Amino acid sequence: MIIEPRMRGFICTTAHPKGCEQNVKNQIAYVTSKGKIEGAKKVLVIGASTGFGLASRITSAFGCDAATIGVFFEKPPSEGKTASPGWYNSAAFENEANKAGLYAKSINGDAFSNEIKQQTLDLIKADLGQIDLVIYSLASPVRTHPVTGITHRSVLKPIGKTFTNNTVDFHSGKVSEISIEPCSGDDIENTVIVMGGEDWEMWMTALKNADLLAPGATTVSYSYIGSSLTEAVYRKGTIGRAKDDMEATAFKITDSLKAISGKAYVSVNKALVTQASSAIPVIPLYISLLYKIMKAEGSHEGCIEQMQRLFQERLYTNGAVPVDEQGRIRVDDWEMDANVQAQVAKLWLEATTENLSEIGDLEGYRKDFYNLFGFGFEGVDYNLDTNELVQISSIS
Ligand code: NAI
């Protein structure tokens with residue numbers, strides 16, 4: 001079929017298998033160009049199909065020559081209906097890994113469930129023995145709790161008072177004021193249950209109890225801090241509470257891994273266009289301005305540049321892992337640079353529908369958004385009839 005982007009609200013409901021393949025190949029080429037990393041050799045990535053998780057898997061495999069198991073929740077294709085992009089990304093990743101002689105298997109299902117955890121443990125036991133790096137990169141709006149069976153929904157809201165600020169509809173380029181009502185009822189608790197540290201801890205406990213963690217095993221999950229412009233809706237909002245919980249969980253996991261000298265880290269990453277971040281109000285305007293400044297400064301990175309730097313310059317340096325005063329790894333350092341932030345804050349006050357495509361990088365935002373779904377890649381002929389029924393070799 002001829003596959004074109006089809007938008008519903010902020011989401012694209014189609015994905016292009018060849019474009020997703022190109023995306024994966026480009027990321028592999030980047031990692032390969034940066035040389036080998038003496039790092040983990042057996043890696044489990046939870047949330048491995050898009051965004052930071054996919055980039056972590058690619059860096060593990062093509063930077064460290066690691067065997068990887070990827071867990072994700074993606075929609076397979078059916079006749080006349082494309083898969084979700086993470087499905088095609090994972091199919092392409094496995095093909096490339098297999099060609100390079102690297103072990104790569106994937107599990108598609110709800111990582112919050114006991115069943116998927118057990119399936120993953122069984123696969124590790126059968127194929128890899130023990131894991132030396134676990135990346136936890138889930139981003140989900142819902143979680144059905146495996147003990148209570150209750151389905152919790154996260155919300156992206158400020159706490160305490162209404163937050164009013166500018167945002168942009170990145171499709172139309174319209175800058176407008178938005179007011180977000182504060183959270184209420186169990187919103188904070190639910191958001192912490194979905195996006196906080198409990199599930200990460202459950203994974204690590206299950207792996208440890210099954211003796212599937214190698215001595216010195218490391219686990220990393222991802223967090224965000226960001227600027228004062230977005231803090232009401234992000235770091236000081238409901239999602240920020242979940243990130244606080246995630247960061248506190250790192251210490252608990254490190255304690256629980258003492259016997260094997262294991263270590264849990266949170267890495268604070270840069271704001272990037274992913275399916276998760278485009279759903280957060282105000283963030284797209286911030287990202288458009290940030291991209292413009294960081295590209296001009298030469299310090300802009302995408303997911304793959306961030307994860308390659310995390311591995312090469314933070315996790316596997318031969319020395320201690322550098323952390324901030326709260327024990328967090330920081331690869332958001334270039335975003336948080338005072339000069340970059342001051343420039344973004346200045347542009348923030350000036351941004352209008354009329355001038356945003358000039359003072360901000362609206363084009364870059366849109367390009368990254370389309371790229372998430374496999375559209376807009378050089379080297380892909382989008383007019384060609386394309387097979388949508390691409391399978392993932394370890395799943396089909
Ligand atoms: P993403 O939406 O690109 O990826 C989410 C991944 O989780 C996908 O592989 C998806 O299949 C998987 N997933 C979702 N629900 C699942 C479930 N129930 N079971 C199994 N897999 C499931 O998200 P992104 O942006 O890469 O986020 C990953 C982490 O990075 C999150 O913790 C996020 O808060 C954090 N982060 C994101 C930033 C951004 O600007 N995008 C900045 C800093 C941190």
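I began with a cut-off: a residue is buried when its relative accessible area is under 20%. I kept in mind that this is a predicted model.

**Entry 1: phenylalanine 375**

I looked up phenylalanine 375. Its relative accessibility is 4%, so phenylalanine 375 counts as buried. I then looked for a ring partner. Phenylalanine 375 forms an aromatic pair with tyrosine 382. The centres are 6.0 Å apart and the planes are 35 degrees apart. That pair is tilted.

**Entry 2: other aromatic rings**

How many aromatic pairs does the structure hold? I found ten. I picked out phenylalanine 170 and phenylalanine 369. Their ring centres lie 4.8 Å apart and their planes stand at 55 degrees, so I noted this pair as tilted. Phenylalanine 170 sits in the loop between strand S9 (163-169) and strand S10 (174-180), while phenylalanine 369 belongs to helix H12, so the pair ties together parts that are 199 residues apart in sequence. Are these two buried or exposed? Phenylalanine 170 and phenylalanine 369 are both buried.

I also noted a cluster. Phe170, Tyr365, Phe369, Tyr370 and Phe373 make up one aromatic cluster.

**Entry 3: charges over rings**

Next I checked for charged side chains over ring faces. Arginine 309 lies over the face of tryptophan 334, 3.6 Å from the ring centre. Lysine 367 lies over the face of phenylalanine 377, and here the distance to the ring centre is 5.9 Å.

**Entry 4: asparagine 383**

I moved on to asparagine 383. I found it in the segment after helix H12 (362-372). Asparagine 383 is exposed, because its relative accessibility is 66% and exposed means over 50%.

**Entry 5: helix H5**

Which residues of helix H5 (residues 187-195) are buried? I listed Asp187, Asn190, Thr191, Ile193, Val194 and Met195. They cover an arc of only 170 degrees around the axis, so they lie on the same side of H5. I recalled a general rule here: an α-helix has 3.6 residues a turn, so residues three or four places apart point the same way. I also asked what covers the buried residues of H5. The cover includes strand S7 (142-144), strand S8 (151-153) and helix H7 (238-256).

**Entry 6: H1 against H9**

I looked at helix H1 (residues 17-33) and helix H9 (residues 303-315). Their axes come within 10 Å and cross at roughly 35 degrees. The crossing of H1 and H9 is right-handed. Where they meet, H1 brings Gln27, Tyr30 and Val31, and H9 brings Ile304, Glu305 and Gln308.

**Entry 7: two loop residues**

I took serine 299 next. It lies in the loop between helix H8 (283-297) and H9. Serine 299 counts as buried, because its relative accessibility is 13%. Leaving aside neighbours within four places in sequence, serine 299 is in contact with Met294 and Trp334. Tryptophan 334 was already in my notes, as the ring under arginine 309.

My last stop was threonine 274. I found it in the loop between strand S12 (263-268) and H8. Threonine 274 is buried, because its relative accessible area is 11%. What does it touch, not counting residues up to four places away in sequence? I noted Gly51, Cys303 and Leu372. Threonine 274 and glycine 51 are 223 residues apart in sequence, but 5.8 Å apart in space, C-alpha to C-alpha.

How values were computed. Residues numbered from 1 in each chain as written. Predicted model: local features only at pLDDT ≥ 70, side-chain atom pairs only at ≥ 80, totals over all residues. Heavy atoms only, no water. Helix = DSSP H or I, 4+ residues; strand = E, 2+ residues; numbered from the N terminus. Buried < 20%, exposed > 50% of the residue type's maximum accessible area, 1.4 Å probe, protein only. Phe/Tyr/Trp six-rings, centres within 6.5 Å; stacked < 30°, edge-to-face > 60°. Lys NZ or Arg CZ within 6 Å of the ring centre and 35° of its normal. Arc of directions from axis to C-beta. Contact = heavy atoms within 4.5 Å. Axes fitted to C-alpha atoms, helices over the stretch in contact; angles between N-to-C directions. Left-handed = near helix turned anticlockwise from the far one by under 90°.
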